Amino acid sequence: MPRCYPRSLSLFGIHKTLYLLQNDLDFRELLRTDPETALANLPLTDQERTALLAGDVAALYRMGTHTFLMSRIPRFNAFGGITRELYQARLKGAVR
């Protein structure tokens, strides 16, 4: 059975992931080299984990992820090498 977390706790997991991306060099490196392992112990739903691993910033935005925290994804070229341009294009798709 998949793990289910209350909405607020799960969103916390996304925000925690993005916080660690910016502030924890070891986590950042693990996220770059083995993203599944990096996310394994964070309180994320399957949908959130999939969106993070795919770099689906539009889905993350629709889930309520704070855009300031998401802006760290291209800064550190995370989740499959999302550039600033790709990040902006994907996010624009979410707000249309």
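Glutamate 85 has its place in helix 9. In this predicted model, glutamate 85 is exposed, because its relative accessibility is 57% and the cut-off for exposed is over 50%. Glutamate 85 and proline 74 lie eleven residues apart in sequence. In space, their C-alpha atoms are 8.5 Å apart.

Glutamine 88, at 33%, is partly exposed. Tyrosine 87 touches Val57, Thr67, Met70, Ser71, Pro74 and Ile82, when residues up to four places away in sequence are not counted. For glutamine 88, a C-alpha separation of 9.7 Å was computed to alanine 58. Those two residues are 30 residues apart along the chain.

The overall fold was considered next. The protein chain contains nine helices and zero strands. Along the sequence, the pattern reads α-α-α-α-α-α-α-α-α. The chain has 96 residues, of which 39% count as buried. Contacts with a separation of 6 or more were also examined, and residues 24 or more positions apart account for 58% of them. Confidence averages a pLDDT of 86 over the protein chain. A score of at least 70 is reached by 90% of the residues. Over residues 1-8, however, the pLDDT is below 50. This stretch still has ten contacts in the model beyond near neighbours in sequence.

In soluble globular proteins, nonpolar side chains tend to be buried together. Here, the largest nonpolar core holds 24 residues. Leu39, Leu60, Ile73 and Phe79 touch the most other members. Two or more residues come from each of helix 1 (7-23), helix 2 (25-33), helix 3 (35-39), helix 4 (46-54), helix 5 (57-63), helix 8 and helix 9 (84-95). Helix 1 gives the most, with five residues. Isoleucine 73 touches Leu18, Leu21, Val57, Leu60, Ala78, Phe79 and Ile82, leaving out residues up to four places away in sequence.

Phenylalanine 79 is found in helix 8. Its relative accessible area is 7%, so phenylalanine 79 is buried. The backbone at this residue was also examined. Most residues other than glycine have a negative phi. Phenylalanine 79 is not a glycine, yet its phi is positive, near 55 degrees. Asparagine 77 also has a positive phi, of about 55 degrees, although it is not a glycine. Asparagine 77 lies in the loop between helix 7 (72-75) and helix 8 (78-81). With 43% relative accessibility, asparagine 77 counts as partly exposed.

Arginine 72 lies in helix 7. This arginine is buried but has no salt bridge. For arginine 72, the nearest side chain of opposite charge is aspartate 24, 15 Å away. A salt bridge requires the nitrogen and oxygen to lie within 4 Å. The side chain of arginine 72 does make a polar contact with the side chain of glutamine 22, at 2.4 Å. Arginine 72 is in contact with Leu21 as well as Gln22, leaving aside neighbours within four places in sequence.

The count of salt bridges comes to one. Arginine 32 forms a salt bridge with glutamate 29. Their closest N and O atoms are 2.6 Å apart. Both residues lie in helix 2, three residues apart, which is about one turn of the helix. Arginine 32 is exposed, because its relative accessibility is 58%. Glutamate 29 has a relative accessible area of 38% and is therefore partly exposed.

Technical notes: Residues are numbered from 1 along each chain as its sequence is written. This is a predicted model: local features need pLDDT of at least 70, side-chain atom pairs count only at pLDDT 80 or more; totals for chains, interfaces and linings use all residues. Side-chain values use heavy atoms; hydrogens and water are left out. pLDDT is the predictor's confidence in each residue, from 0 to 100. Contact means heavy atoms within 4.5 Å. Helices (H or I, at least four residues) and strands (E, at least two) are DSSP runs, numbered from the N terminus. Buried means under 20% relative accessible area, exposed over 50%, partly exposed in between (1.4 Å probe, protein chains only). A nonpolar core is a set of buried Ala, Val, Leu, Ile, Met, Phe, Trp, Tyr and Cys residues joined through side-chain atoms within 4.5 Å. Lys and Arg count as positive and Asp and Glu as negative; His and the chain ends are not counted. A polar contact is a pair of N or O atoms within 3.5 Å; within protein, one must be able to donate a hydrogen and the other to accept it, and residues adjacent in sequence count only if both atoms are side-chain atoms.
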